[in-house]
Amino acid sequence: MAERKRAIQLKFYVTEQERTLIEEKMKLLQTDNLGAYLRKMAIDGYII
């Protein structure tokens, strides 16, 4: 098996309400890949 493209794992905790909001935003973008969505938001998202 080939090595992973991304070798570093990051973890964080969210509340149930935060998880629901993330899932709702993912539905708006029509994606079900949580890892890809979180990576994209962490790198290209807005800072509040």
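Which helices each supply at least two residues of the lining of the largest pocket? In this predicted model, the answer is α1 and α2. Here's a quick tour of those helices, then back to the pocket.

**The helices**

Start with α1, which covers residues 16-28. With 13 residues at 1.5 Å a residue, α1 should span 18 Å, and its end C-alpha atoms sit 19 Å apart, so the two agree. After α1 comes Q30, which has a positive phi, near 55°.

Next up is α2, residues 34-44. How do you describe a packed pair like this? You give the angle between the two axes and the distance between the axes. For α1 and α2, that's an angle of about 95° and axes 11 Å apart. Angles of 65 to 115 degrees count as roughly perpendicular, so α1 and α2 are roughly perpendicular to each other.

As for who touches whom, α1 brings R19, I22, K25 and M26, and these meet L34, Y37 and L38 of α2. Sorted by class, the residues of this contact are five nonpolar and two charged, with no polar ones.

**The pocket**

Back to the largest pocket, which holds about 890 Å³ of space. Its lining takes in 25 residues, and F12, G35, L38, R39 and A42 are the ones nearest its centre. L38 is also among the α2 residues that meet α1. The largest share of the lining comes from α2, with eight residues.

Here's how the lining splits by class:

| Class in the lining of the largest pocket | Residues |
|---|---|
| Nonpolar | 16 residues |
| Polar | three residues |

How values were computed. Residues are numbered from 1 along each chain as its sequence is written. This is a predicted model: local features need pLDDT of at least 70, side-chain atom pairs count only at pLDDT 80 or more; totals for chains, interfaces and linings use all residues. Side-chain values use heavy atoms; hydrogens and water are left out. Helices (H or I, at least four residues) and strands (E, at least two) are DSSP runs, numbered from the N terminus. The expected span of a helix is 1.5 Å times one less than its number of residues. Axes are lines fitted to C-alpha atoms, for helices over the stretch in contact, and angles run from 0 to 180 degrees between N-to-C directions. Angles under 35 degrees count as roughly parallel, over 145 as roughly antiparallel, 65 to 115 as roughly perpendicular and the rest as oblique. Contact means heavy atoms within 4.5 Å. Ala, Val, Leu, Ile, Met, Phe, Trp, Tyr, Cys and Pro count as nonpolar, Asp, Glu, Lys and Arg as charged, and the others, Gly among them, as polar. On a 1 Å grid over the protein atoms alone, a cavity is a set of points where a 1.4 Å probe fits but cannot get out, and a pocket is an open set with protein on both sides within 12 Å along at least five of seven lines; lining residues have an atom within 4 Å of a point. Grid points are joined across faces, edges and corners, and a volume is the space filled by probe spheres set on the points.
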